[in-house]
Amino acid sequence: MLPPKITNIYFVVGYFGSGKSEFCVNFAIAKHFDYLCDLDVVNPYFRSRQAIDVLTKHHIKVVSSIEEHTRYLDMPLLSEEIFDLYRNNSKVIYDLGGSSIGSKLIKQFEEYEQNPYTLLFIINVFRPETNSANKIIAEMQNIEKSSGLKITGLINNSNLLTQTTEVDLAYGQSIIREVITTTKIPLLYTSYTNDLKTHQKWDGEVIILNKHLAKHT
């Protein structure tokens with residue numbers, strides 16, 4: 001498999017509870033991003049902005065999602081700083097809200113000149129909404145339709161919280177391989193928490209997750 005395309009701009013989307021925000025925080029640290037933009041206006045409890053202290057220690061600036069007076073609109077208006085980072089091709093990762101509801105926010109980038117981007121779809125096959133290849137593909141199509149952008153890579157973050165085993169992660173990998181056969185979208189990253197001890201070779205680049213948020217999200 002070819003290595004991931006190198007871009008400065010990353011969007012991460014996925015169904016609720018797939019581990020998106022925890023991945024974004026750890027990925028931003030591992031890849032030395034300059035900014036993390038928390039665009040999750042769907043889940044008010046577990047957001048990447050909770051890790052602002054550890055991100056600041058790694059010289060990563062956290063940018064909040066929306067203007068306060070537009071927080072409860074159907075498609076909240078993003079602060080201008082978020083668009084500036086996009087237009088300037090800054091090294092930034094955007095943490096989107098769950099499912100197609102959260103990814104609607106990306107449509108607001110369409111009016112600006114397009115920079116090369118990576119749009120990652122994170123998958124936990126132990127969520128009932130993404131527990132089969134057909135359901136995963138349907139959710140990916142919903143997100144692409146609502147966002148106006150194409151998914152360019154997949155993340156295997158299949159887990160059962162603290163009960164996760166190698167077998168669980170391998171099961172997730174097998175289902176995602178079915179998705180790849182149909183969509184031709186590559187699995188770029190496999191992520192799991194640092195308490196899972198494994199020596200198995202996994203598809204894509206491995207991202208070890210330290211638990212920076214209040215719970216695994």
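Predicted model: local features only at pLDDT ≥ 70, side-chain atom pairs only at ≥ 80, totals over all residues.
**Around β6**

- β5 and β6 pair in the parallel sense over four bridges, and F121 has L154 of β6 as its bridge partner.
- On the β7 side, three bridges join β6 to β7, again running parallel, and N156 stands opposite T190 of β7.
- Both faces of β6 are covered: G153 and I155 are buried on one side, L154 and N156 on the other.
- In a regular strand, side chains alternate between the two faces of the sheet.

**Helices and crossovers**

- The chain goes from β5 through α5 to β6 in a right-handed β-α-β crossover.
- The path from β6 through α6 to β7 is also a right-handed β-α-β crossover.
- α6 has 18 residues, which should span 26 Å at 1.5 Å a residue; the end C-alpha atoms are 25 Å apart, so the two values agree.
- Buried residues of α6 include D168, L169, G172, I175, I176 and V179, and the helix's buried residues pack against β5, α5, β6 (153–156) and β7 (187–193).
- Just after α6, K184 takes a positive phi of about 65°.

**Nonpolar cores**

- The largest nonpolar core has 35 residues, and those with the most contacts inside it are F11, Y94, F121 and L154.
- At least two residues of this core come from each of β1 (9–14), β2 (35–39), α3 (80–87), β4 (92–96), β5 (117–123), α5 (133–147) and α6 (166–183).
- α5 gives the largest share, five residues.
- Setting aside neighbours within four places in sequence, Y94 is in contact with residues including F11, V12, C37, L39, I82 and F109.
- A second, separate core of 24 residues includes V12, A28, A51 and L55.
- In soluble globular proteins, nonpolar side chains tend to be buried together.

Terms used:
Residues numbered from 1 in each chain as written. Heavy atoms only, no water. Core = buried A, V, L, I, M, F, W, Y, C linked by side-chain atoms within 4.5 Å. Buried < 20%, exposed > 50% of the residue type's maximum accessible area, 1.4 Å probe, protein only. Contact = heavy atoms within 4.5 Å. Expected span 1.5 Å × (residues − 1). Pairing = 2+ DSSP bridges. Right-handed = clockwise from strand over helix to strand, strands pointing away.
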